[in-house]
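Hello,

Here is the structure I said I would pass on. My notes on it follow below.

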Amino acid sequence: MSFKEGLQDTILGTIPKDWEAVEFSSVAELKHGFQFRTHDFTDDGVKVFKITQINKNGSVDISACDFIDADRLKDFEKYILHKGDILMALTGATIGKIARYYENEICLQNYRVGNFFSQDNDVLSKDYLYHFLTSKYFFNQILARQTQSAQQNIGKDEINKMVLFLPPLSIQNKIATILTSLEDKIELNRQMNQTLEETAQTLFQEMCLPKNDQVPDGWEWKTVSELGIVMTGNTPASKNPEEFGDKYPFVTPSDFKNYFKLILSSNRYISEEGFIKHQKRFIPENSVLVTCIGSDMGKVAITKTTCLTNQQINSFIPSNSRITTEFMYFYFKNIYDLLKNMATGGSTMPIINKSDFERINILVPERKIILDFTKQSKKIDKKIEENLQEISILKLLRDNLLPKLLNGEVSVC
């Protein structure tokens, strides 16, 4: 090992001389969950946390878990997840994704979900461990060691041999405090947005839905096609990589989870060349996006920027002066069950094609009601957008700070 003044070189990069680079197995432990089988699952009961519960953005979603019979809970007590547990997907498309479990429900850990523990909290802070696991230093090791089979996998033996930066405990705690404070603010903004969304949803139900089965005077049924233009997205061919770039958002259903109600940006982008090639498929800002195929069926969002979407999304562009983007957004959210039922009628792959989507009936209130609701909804959306923009800034700050704090480039002394 070569040394510079005050620094040392490791296989992962340069760190301060008084830090260590150690194998995971010397300070941390990875525990597998239970290997539940298909016959174990029931229609309700205790939730089972699988790798699908870890989203690509590192958040947790337990709204669509499988279950085991609640009477069997005692048999699996050692697999119950606890608040603060550090979880990782050990296989599949989200391999290496890390999340922390802070849910208030009991969940059991499935086999291909890894749960990380510190062997000694006086040597390795659990909070510091979590942040290291979310870094490029850990993920790059995952990429180098995962199996190259059709289904990507990483095992306990491989992880045990990986390297972890280990500063003195006081430094670990300071690093964790800085990064956790940023993540806490991000989470607070997310929770605020959730509350704001629920407030707007309640307003919509009170103002824009009939109180009984009878249609009020001045209200009328219209089809989607009578209220606006429907466009289906398109994905540039993989043989034309030059069509992807960094100029125009390319929105897919995964962006709905990342950016909540309002789509301000996306995970992938289209180049100027891609825009010229697919400009007829681009949709304007303030269009309503509805996922119409696959497991993400029925998710709704509003785009705040001109963008292209993939084929899993039908976009609605208002063209009737009687309705607004805000009204249609909540109307589509309110008919989630209808969309699901339409999509699964006799099909192995849930899908609503453009023609069927255009024929959906919409009960349109009087214009004044819609305008009153829209005025209040826009005020709420403005606050949601402000929170989302702050989240983006905080994420960028965290992502820039993370590697610099973990390798000592930014000192916390």
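Is N286 exposed, partly exposed or buried? N286 counts as partly exposed, at 28% relative accessibility; buried means under 20% relative accessible area, exposed over 50%, and partly exposed in between, with a 1.4 Å probe and protein chains only. This is a predicted model, in which local features need pLDDT of at least 70 and side-chain atom pairs count only at pLDDT 80 or more, while totals for chains, interfaces and linings use all residues. Residues are numbered from 1 along each chain as its sequence is written, and side-chain values use heavy atoms, leaving out hydrogens and water.

N286 sits in the loop between α8 (272-278) and β19 (288-291); helices (H or I, at least four residues) and strands (E, at least two) are DSSP runs, numbered from the N terminus. The phi of N286 is positive, near 70°, and the residue is not glycine. Most residues other than glycine have a negative phi.

Helix α9 (residues 325-334) is mostly covered, with eight of its ten residues buried. Among them are F327, M328 and Y329.

There is also an open sheet of four strands, in the order β6-β8-β7-β11, with mixed pairing. β6 and β11 (107-109) stand at the edges with a single partner strand each, so one side of each has no neighbour in the sheet. β6 pairs with β8 (residues 66-68) in the antiparallel sense over two bridges; strands pair if DSSP finds at least two bridges between them. F41 has I68 in β8 as its bridge partner.

D43 lies in the loop between β6 (41-42) and β7 (46-49). D43 is exposed, with a relative accessible area of 78%.

Regards
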